[in-house]
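These are my notebook entries on the structure shown below.

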Amino acid sequence: MNKSRLALAALLLALAARPAAAKLRVVATIPDLADVSRRVGGGLVSVDCLARGPEDIHQVVMRPSFVSKLNRADAVVYLGLSVEHSFLPGLLDAAANPRMREDPAVLGCAGPGCIDCSAGVRVLQKPDSLSRAEGELHPQGNPHYNLDPEDGLLIARNIAAGFSRLDPAHAADYERNLAAFLDELKTRIAEWKKAVAPLQGLKAVSYHKDVAYLGRFTGLDFIDTIELKPGVAPTPTHLARLVREMQDQGVKLIVREQQYESRTTAWLAGRTGAKVAVIGTMADALPGTETYVKFCARNIQALLDAAR
Amino acid sequence: MRLISLASPCLLLAAAAAQSPAALSEDRLQSLEERLTKLEGAPAKTSLSAFNPALGLALDFVLRDRDGKANFLFRSAEVNLEAPVDPFLKGWAIVNGSADGVEVEEAALETTALPGNLTVTGGRLFADFGRFPHFHDHELPVIDRPRSIDSFVGGESRADGVELSYLFPTEAYLRAVLGAYDKLGSENDRVDIAEGRPFDEFTYLGRLSAYQDIGADHSVELGASCAWTPKRGVVEDAAVTGNAFAESTRKNTWRTLGGLDLTYRYQPAAGGLYRGAVWGTEVLANNERRFGPTTRLPTDRVRAFSGYSYLWLKLGRRWRPGALADLAEDLDAARAITRTYTAFLTCDVTEFQRLRLAYSRETGNAGRPEADIVGLQWTGILGHHVHGFRDR
């Protein structure tokens, strides 16, 4: 009898101790956010990632395995500004997790488990009017703010605030991890700012209209895109006009996001004499960029190499 | 009193003038910050229609030539409305206008906050049977719905009823669905749903679907469905048979429609915009007692099979060629088979506009003449038109 009571007490203790030891289950939509979540959460979180680095964030395919991950998650960390519109709302709808529901109003997430990293971002390129005649517009503005390392600071702060809200017992741990990450990123930002000085005012074109924040950080002046409109593949007429425009304005740099085909970019470079810089739009898009810091560093180095 | 009211602004101005420039700047800054906060926090759209449902429209036109006889076909103008009803429920409706008229394809409510991974959907919906059966026509990879699905399910899996789905809380994706409906299939004419009838003449569905990633780039999805109708009441057409009394048949009229579906996907991370492949196969088995089409007298119980298999390749940002083979036995004569072989080429002009060219060769021993069918489909999407995770 005594043994049974002891066993029962041990079981109850074990059950009581479990929540304290349980990790916060986090699903991040893209590798950048997964990396920063791991840095901020440390050993207190387990992080799964949905999109793979080389994928196009606009075209991530909804896999049922994502549904299972979201169903059991405590938090979903996302870039927001409707950039995950092709997969996150549908997955949240199927995941049936009361902590995070599809929010059709903003094509995003609603509920206590939602951590929107765009909170506080100074959004660029908010459209004056919304029409599909202007291509695949993001109604809330350009969502690719993760390309600006300074917005990485904001991303980390938003993640830390979200973790602390969901797991207040470890708020101090998250703050400590956040401070360490911010210190590292700030140091690198200071170095990068010096390094990108030669890019200031340099005219460039990109494949897709996703480099506004990168332009803000580096000083590059992106005058046009290879795509006819956001999400609309280039036409021969548009390319002919783009060649003239690049020649007229002396554009010597083409930025190709790695997920877009290289043939048109190479053709354009051949016609204009411009150099091509291949960048990633998410961490882990290119080899050796599995962390957010490495991703930013790789992009900046690619721009500097091409502009040299 | 009037003097006091006139004096007040003067006093305020005097007080403001007495403030230091630094304090004034601080006040202005604070005021500006408050205004900015209000502006940034303001919703993008404030009007009486702000809570109206999201609205979309899919337009689908086909030019079809069958053995030298062609027609322009207005296939559908599909309007969809969708919005949350309250924190616990969402609703949607899909109304389809076509050359045949206007009909409500879906009008359903779905819970969004049930505990235990449960979701209840009710109303007019596309029942969760198989894979292609619950795809709207313009979402199919081919122009025409495969005959195997069209004849066995009766068009799309449209049904009036209720579904309960359960997502297993496991690492691997596993989902079960139970359903009860008036009938299954938009063109299923076995029963008239306008008339009431016993519950044993309803159709009941069970479905289990599972999914497995195979490495980073490959995945397989499996599903098994069974729709069971315990009884069917059929009354002889005495006007045709000439009998004095119309015979009613309910005995041994149960029907089962079973289905297995398998989907393999290749989705490489690198070049995902430009490369990929889908291989899908679905097999159906129908077992039911048949009735004479004119006499409505019982004939034999027939077990018939049908199925299709297709391969769809993504070879660029725009181009997606594919091929589909379809075999369908006749529901009344299992050995009478219609075979359809289709080659198709899809051009995604943009994400919202699509052109598709298809050639089909129809052969078989089911008494149908052989036919060559060429179709050109033009589809455009306006506004918010999404059929969701299930129809991906």
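Why does B:Arg207 count as buried? I looked up its relative accessibility, which is 10%, so B:Arg207 falls in the buried class, for which the limit is under 20%. I note at the outset that the model is predicted, and that every value in these entries is computed from it.

**Entry 1. The partner of B:Arg207**

I next looked for a charged partner. The side chain of B:Arg207 meets that of B:Asp128 in a salt bridge, with 3.6 Å from N to O. B:Arg207 belongs to strand S8 of chain B, whereas B:Asp128 sits in the loop between strand S5 (118-126) and helix H3 (147-154); the pair therefore ties together parts that are 79 residues apart in sequence. B:Asp128 has a relative accessible area of 2% and is therefore buried.

I recorded B:Arg75 with B:Asp60, whose closest N and O atoms are 3.1 Å apart. B:Arg75 lies in strand S2 (residues 69-86) and B:Asp60 in strand S1 (residues 54-66) of chain B, so that the pair links distant parts of the chain, 15 residues apart. Both B:Arg75 and B:Asp60 are buried.

I also recorded B:Asp200 with B:Arg250, a salt bridge of 2.9 Å from N to O. B:Asp200 is in the loop between strand S7 (173-181) and S8, and B:Arg250 is in the loop between strand S11 (248-249) and strand S12 (255-266) of chain B, so this pair ties together parts 50 residues apart in sequence. Are these two residues buried or partly exposed? B:Asp200 is partly exposed at a relative accessible area of 26%, and B:Arg250 counts as partly exposed at 33%.

I found one network in which salt bridges share partners: it joins B:Arg190, B:Arg232, B:Arg255, B:Glu288, B:Arg290 and B:Asp332.

**Entry 2. Chain B against chain A**

I turned to the interface. The size of an interface is often given as the accessible area lost when the parts come together. Here the area buried between chain B and chain A is about 2900 Å², and carbon and sulfur atoms give 53% of that area. I read off 37 residues of chain B in contact with 36 residues of chain A.

**Entry 3. The nonpolar patch**

Finally, I looked up nonpolar side chains on the surface. A patch of about 1100 Å² of accessible area is formed by residues of chain B, among them B:Leu63, B:Phe72, B:Trp279, B:Leu311, B:Trp319, B:Tyr359 and B:Leu376. Strand S14 (298-314), strand S17 (353-364) and strand S18 (371-383) of chain B are the elements that give two or more residues to this patch.

I checked one member individually. B:Leu311 is placed in strand S14 of chain B. Its relative accessibility is 40%, so B:Leu311 counts as partly exposed.

Methods. Residues numbered from 1 in each chain as written. Chains lettered and ligands numbered in written order. Predicted model: local features only at pLDDT ≥ 70, side-chain atom pairs only at ≥ 80, totals over all residues. Heavy atoms only, no water. Patch = residues over 30% accessible without salt bridge, like charges linked within 9 Å, V, L, I, M, F, W, Y side chains within 5 Å. Areas by Shrake-Rupley, 256 points an atom, 1.4 Å probe, with all protein chains shown as cover. Salt bridge = Lys/Arg side-chain N within 4 Å of Asp/Glu carboxyl O. Helix = DSSP H or I, 4+ residues; strand = E, 2+ residues; numbered from the N terminus. Buried < 20%, exposed > 50% of the residue type's maximum accessible area, 1.4 Å probe, protein only. Contact = heavy atoms within 4.5 Å. Buried area = accessible area lost by both parts, 1.4 Å probe.
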